[in-house]
Structures are given as structure tokens and as C-alpha cells.
Amino acid sequence: MAAESATQRLARLLTMVPWLMHRQGIDIEQAARELDVSPAQVEADLSLLFVCGTPGHMPDDLIEAEWEGGKVFLGNADTIARPLRLGVDEALALIVGLRTLAAVPGLGERDAIDRALAKLIDAAGDVSDVSDRVRITPASGTDWLAVIRTAISDRRRLHLRYLVAARDESTERDVDPMRVLLMDDHWYLEGWCHRADGVRMFRLDRIDDLQVLDQDGTPPAGVAPRELGDSVFSPVADAVTVRLELQPGASWVVDYYPVDSSERREDGSLVATLRTSDLHWVRQLVWRLGGSATVLEPAHLRATVHTGAVEALRAYST
């Protein structure tokens, strides 16, 4: 059975119960195919449902699940037997989201989006009129989307003039594009960067200029998009964990630089945690922010920042 989170399994179980309640005696193999899981997973889910029910924990409070003989029967689950229905807020959120998605330049599968949107509007009835009064500003960087998607489709190399925010430096690089993705309200290009000789992520709103080259843009053999978690950034093995204390006037740092987490204190300051293998730009950032930023960890970075500040003050006093 594939690994999954408790949230994912709960969502499937809440869908499975009403589905099975209306298909009493269904063959377990067919149920597995319809639910897109293995028969073993169906049996494991039924075993879990067998010990679930309403408060009281008495035998007549538990869901009845039987699957001997390869046929599935559920009982005593009337309270959750009704298929899940979208609420008004959920339907409106989906309608607004699909309309926003349809407006993204260069997006494929537009027919599928239009069909889904039409079904939602029809099901929502008059309530869908409210969505006309909602407008969402598209994520930054959409100006390059259509060009990049065409380059990916045509397998053409791209030449970028790209701002590296961590070093406040504009760089020139050739990239074999692999995909574009939207994460944390920003569009990114992932591709094989010939300058870095590796797979890199580029935020589209930091691309100053982009040209499609008349060169093959197929990435090297064996190169594939990276597995992404909650962040588009994957620190290298020698990355150092840095904790910074940021005063309210420097809180913009967590929006501009890739941080792992940030915690706001009662006085309005932030404690930001990030990982990097290049401490030079962190030192430069803290010096530039003056007293608005303090290095909490690591100790050796805190010491070098302090030493550099003392030397700068000494130079001004001479």
C-alpha cells in the first residue's frame, strides 16, 4: 500500500462510506478499481471503518463492515451515508478559482476548465452571480508564461537575464526548460541551468529579460523535475541553518527571500529561519539592515557580522 497522510486517508474514507452504502454487495475487486486503490487497501479501510462510529463506543454505535466472500456490505453508517455536497462558500471559491485559472496566459486544458466551470455555475444557480463581484489578482510573473510554455512544447532553450535576490545580482544564463509551476502565489520555471550545471528554479517575476533560442532545449539524459514538498527550494547537503531576528521595519525579508519558517513575536518582531550554503549574502543583508536585523544562530555567523560591523565603525572614525 502506498504511503499517505492521515488527512488523505480520512478524505478517502469519508468519500468511500456513502459510495459503498449505495452499492451494497459490490465485488471488492471492482470497488478497488473504482476507488483507484488496491484490494488490500480497501480491506484495510474496511477494517478501520469496523471500529469507527458515533460517540458511545457500544457495538450498535459502530459501523458494520463485511467483506467475506469478496463482496462488500456496509451498515449502521446512515449519519454519513449522504454524498458530500459543496457548501455555498466552497462552490463560490471554486468558481472564482477556475475563472482566475482560465485567465492565465498559455494555460493548456482550457476546454476541461470551461466544462468544469459550466457545471459548477449550473449547479450553483443564482448563487454563482455573487462570484461576478469577486476579482483575484493573478500571481506575479504571468507575462512570461505563454512564451515559456511554448518553449517547453517546442523543446527550445531559453536565455534569461535573471535577478538573484539573495545576492542582489543580475545574471545571464541559458536554461533548458522543464516545467512551470505555481507555488506560494508565485510562478516558477524549473529547468536545467547551464551556468549552474544543475536543475534550478527561477521565479518568473525576477526574470528581467527572456529570449527563445534556436537551439535544442532538451535537458541532459536522466534529468527530471525534482520532488517538491511545501517549498520550491531544496537546500544542498552542506546548507547551514540561520535564524534571524527581524524588527517590524525589516519584516519584508520573509517575503523577498526563501525562508523555511517565520514566527511573529508579541512586540511585532519576527524570527525567521532559513537554510543556505552561502553565508556571504546573509552577512551583507544583516549589515544593510543595520539594527533592524540580528543573527541569533549560528554563533560563528553572529561573530563575523559583529566583527565586520566593528571594523566598519572603526574605519568611519579614522
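In the hairpin of S6 and S7, 4 residues lie between the strands, and Asp197 takes a positive phi near 55°. Strands (E, at least two residues) and helices (H or I, at least four) are DSSP runs, numbered from the N terminus. The model is predicted: local features need pLDDT of at least 70, side-chain atom pairs count only at pLDDT 80 or more, and totals for chains, interfaces and linings use all residues. Residues are numbered from 1 along each chain as its sequence is written, and side-chain values use heavy atoms, with hydrogens and water left out.

Strand S6 spans residues 186-193 and pairs with S7 in the antiparallel sense over 6 bridges. Two strands pair if DSSP finds at least two bridges between them. Glu190 stands opposite Met201 in S7. Buried means under 20% relative accessible area, exposed over 50%, and partly exposed in between (1.4 Å probe, protein chains only).

A further set of 4 strands forms an open sheet in the order S10-S11-S9-S12, with antiparallel pairing. S10 and strand S12 (293-297) stand at the edges with a single partner strand each, so one side of each is left without a neighbour in the sheet. On average, neighbouring strands of this sheet are turned by 25° against each other, direction ignored. Axes here are lines fitted to C-alpha atoms, for helices over the stretch in contact, and angles run from 0 to 180 degrees between N-to-C directions. Helix H9 (residues 299-317) lies across S9 and S12 and runs at about 145° to S12.

Strand S11 (residues 270-276) is mostly covered, with 6 of its 7 residues buried. Strand S9 (residues 240-246) pairs with S11 over 7 bridges, in the antiparallel sense. Strand S10 (residues 261-264) is joined to S11 by 4 bridges. Leu270 in S11 is the bridge partner of Leu246 and also of Arg264. Glu263 stands opposite Val271 in S11.

S10 and S11 form a hairpin with 5 residues between them, and Gly268 in the turn has a positive phi of about 95°. Ser269 lies in the loop between these two strands. Ser269 counts as buried because its relative accessibility is 0%. Its side chain makes a polar contact with the side chain of Asp267 at 2.7 Å. A polar contact is a pair of N or O atoms within 3.5 Å; within protein, one must be able to donate a hydrogen and the other to accept it, and residues adjacent in sequence count only if both atoms are side-chain atoms. Beyond its neighbours within four places in sequence, Ser269 is in contact (heavy atoms within 4.5 Å) with Leu246, Gln247, Pro248, Glu263 and Arg264.
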